[in-house]
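This briefing covers selected features of strand pairing, helix packing and aromatic contacts. Please examine the structure below before reading the points that follow.

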There are 2 protein chains.
Amino acid sequence: MEDQFIKTAALIGDPTRALIMWTLLDGKAFTATELSIAVNTSPQNISMHLAKLLDAGLLVVEKQGRHKYYRFSNKDVAYAIEALASLIPKVNPQKSKPEMHSPIKHCRTCYDHLAGKIGVALAESLLEQKIILDLDHKFEVTPEGIKWFSDFGINLEDLKKQRRLFLKPCLDWSERKNHIAGSVGASLLDKMITEDWLRRTKDSRAIQITGKGEKELLKYFKIVI
Amino acid sequence: MEDQFIKTAALIGDPTRALIMWTLLDGKAFTATELSIAVNTSPQNISMHLAKLLDAGLLVVEKQGRHKYYRFSNKDVAYAIEALASLIPKVNPQKSKPEMHSPIKHCRTCYDHLAGKIGVALAESLLEQKIILDLDHKFEVTPEGIKWFSDFGINLEDLKKQRRLFLKPCLDWSERKNHIAGSVGASLLDKMITEDWLRRTKDSRAIQITGKGEKELLKYFKIVI
DNA sequence: ACAACACTTCAGCATGGACTTAACTATCAT
DNA sequence: ATGATAGTTAAGTCCATGCTGAAGTGTTGT
């Protein structure tokens, strides 16, 4: 029993692996490369560490093409990491923000597309309006969808020419549902920011919703803030 | 923020420190030497590790004479350790006991005296019956108490001749209250075992209460099992 | 006063495991 | 097919950090 505990503790005790867990706590499922960037180490190294975490059952993997998406295997893992984080010695206790996690979990960017509650709700709305379809974990734009994006001010043909993935589902940990990644997800976020529906906050990946955004999100996607 | 998390994780990630935390989770406050025995390492080494845990605010110390009693600084620490323990990969899930901690937390020996719920209740009963007094964290036997112990079959004069501490309070983590240690605590436990009120279990520090014990504990100390 | 005990500090050592370099497989794009 | 990208595997290096031995302080008991 106790030797099992020691192994588990040592697993999370390593700086690199601790950073991996910390990163995954923030939200979505990450690819190995994304994690290697996030924790600032080599791909080989990340691969080794992920294998250990995987072996211990703390993470699970979902393979999508040549990518592998890593995320917590269950909510107990997230709880444990959060419990550990709660032990961080408090400096300037009067300056600490009342709710540390909530703004990020509620509405944040996932690298360059929209995740969190809003991101998930947006994806659901697009699916419901038949603007996109979910074909076995692959998103596709419908003929009506092409017109809709055009009306919204996004030229899908331009996006397809880019060298990056066009449209893909991206699992969100905190919401347990897919949201929209790829160039389509990125340009949706981009458009909403240029229209001043949303604003980036300086230091974090969290996003603020403007008054205008609140109205427009309700109108276009029936999203209630 | 994340570097703070890394430090905290690394703190618990070391095998020896993990064992310390695991041991402290079990119940009472331990002395440095007790811990060095429990985790099977040298006193110097324990001292160094305890200093680190202390510095990080995970533990607190209470000095009593030449002893130093270490325990968790607050319940969040216990929660975090338990959350970590919950991540231990389950082998033979059908064989796992329904409630791992409860028997130990409920009634266990603290080396050779009685701790846990029963130990605390016993101490409270003795205090309430004015058999012992709590004088600023020091227990003392009253004149009536001397007679009571004699009737109970314990000769306090013999105990005082022993080379060990006679009577001292011993903080119990799980109950947050004092129970009785020292030779008095030990002989109370001893007497109850020879009278077959209690029985030792083979492998653990947990104690079983017999049917006779259940009645007698109620009669003598108004303890309801 | 003395010895025994509880605990700490500081030196040097030693080892485990993280990281690197390198080579390999698999998938995707053109 | 070819190159680019995502990820893994293997062997070897190296450094951080835990551990030991020796010596110290402070407390207890006789």
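In this predicted model, strands β2(A) and β3(A), the latter spanning residues 67-72 of chain A, pair in the antiparallel sense through 6 bridges. Within this pairing, L59(A) stands opposite F72(A) of β3(A).

**Sheet of chain A**
- The open sheet of chain A has 3 strands in the order β1-β3-β2, with antiparallel pairing.
- Its edge strands are β1 (30-31) and β2 (59-64) of chain A, each of which pairs on one side only.

**Helices packed on the sheet**
- Helix α2 of chain A, residues 15-25, packs on the sheet and touches β1, β2 and β3 of chain A. The direction of α2 makes about 85° with that of β3(A).
- Helix α4 of chain A, residues 43-55, also packs on the sheet, where it touches β2 and β3 of chain A. The direction of α4 makes about 120° with that of β2(A).

**Aromatic pairs**
- Over all chains, a search of the whole structure finds 18 aromatic pairs.
- W148(B) and F221(B) form a tilted pair, with 5.8 Å centre to centre and 55° between the planes. This pair links distant parts of the chain, 73 residues apart: W148(B) lies in helix α8 (residues 143-152) of chain B, and F221(B) in helix α11 (residues 211-221) of chain B. W148(B) and F221(B) are both buried.
- The ring centres of F152(B) and F221(B) are 6.3 Å apart and their planes stand at 65°; planes over 60 degrees apart count as edge-to-face, so the pair is edge-to-face. This pair likewise connects helix α8 of chain B, which holds F152(B), to helix α11 of chain B, which holds F221(B), across 69 residues. Both F152(B) and F221(B) are buried.
- In chain A, ring pairs join W148(A), F149(A), F152(A), W197(A), Y220(A) and F221(A) into a cluster.

**Two faces of helix α11 in chain B**
- The buried residues of α11(B) are G213(B), E216(B), L217(B) and F221(B). These residues lie on the same side of α11(B) because they cover an arc of only 105° around the axis.
- Exposed residues K215(B) and K219(B) are carried on the face of α11(B) turned away from its buried side.
- K222(B), which follows α11(B), has a positive phi, near 55°.

Key
Residues are numbered from 1 along each chain as its sequence is written. Chains are lettered from A and ligands numbered from 1 in the order in which they are written. This is a predicted model: local features need pLDDT of at least 70, side-chain atom pairs count only at pLDDT 80 or more; totals for chains, interfaces and linings use all residues. Side-chain values use heavy atoms; hydrogens and water are left out. Two strands pair if DSSP finds at least two bridges between them. Helices (H or I, at least four residues) and strands (E, at least two) are DSSP runs, numbered from the N terminus. Contact means heavy atoms within 4.5 Å. Axes are lines fitted to C-alpha atoms, for helices over the stretch in contact, and angles run from 0 to 180 degrees between N-to-C directions. Rings of Phe, Tyr and Trp (its six-membered ring) pair if their centres lie within 6.5 Å; planes under 30 degrees apart count as stacked, over 60 as edge-to-face and the rest as tilted. Buried means under 20% relative accessible area, exposed over 50%, partly exposed in between (1.4 Å probe, protein chains only). The arc is that of the directions from the helix axis to the C-beta atoms.
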